[in-house]
Amino acid sequence: MLPASNRMRRGEDFSRTTKSGHRASSYTLTLYFLTHDQLPLVSQVGLIINKSVGGSVTRHRIARQLRHAMATHLSGLPPHTQVVIRVIKAQDDYRNELNDLVKKMVKRIGATQ
């Protein structure tokens, strides 16, 4: 589970990250990520799961899975980082796909700094 300090809640944060951040995509997920000294020191993660993915129960199950999976990656993210995960399609397990995208993202963050 993600600690409260690591959850992104403000609409402005989501907009800034998705519009001006970098992007890494796969078949069922898109990760947007932004690093900037003006952002909070702790890394923050936000989720976007549209109704087209499924009903409420399905979306909440996916959100729990993704929050749990991202909690393991928080220590590997640089400080002042915001990540938004957009779910494009429903599937049973996102862990492998998320792991690959986070590795790609961290590599890209390292290259841009």
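Mentor: Happy to. In the largest nonpolar core, which has 24 residues, L31, V83, I85, V87, L98 and M105 touch the most other members. A nonpolar core here is a set of buried Ala, Val, Leu, Ile, Met, Phe, Trp, Tyr and Cys residues joined through side-chain atoms within 4.5 Å; buried means under 20% relative accessible area, with a 1.4 Å probe and protein chains only. At least two residues of this core come from each of β2, β3 (44-49), α2 (56-71), β4 (81-87) and α3 (95-112). Helices (H or I, at least four residues) and strands (E, at least two) are DSSP runs numbered from the N terminus. In soluble globular proteins, nonpolar side chains tend to be buried together.

Please keep in mind that this is a predicted model, where local features need pLDDT of at least 70, side-chain atom pairs count only at pLDDT 80 or more, and totals for chains, interfaces and linings use all residues. Residues are numbered from 1 along each chain as its sequence is written, and side-chain values use heavy atoms, with hydrogens and water left out.

Now look at L31. Not counting residues up to four places away in sequence, L31 touches H22, R23, A24, V83, V84, I85, L98, L101, V102 and M105, where contact means heavy atoms within 4.5 Å.

Finally, T30 sits in strand β2 (residues 29-35) and is buried, at 6% relative accessible area. Beyond its neighbours within four places in sequence, T30 is in contact with R23, A24, S25, V84, I85, R86 and I88.

Definitions and conventions: Buried means under 20% relative accessible area, exposed over 50%, partly exposed in between (1.4 Å probe, protein chains only).
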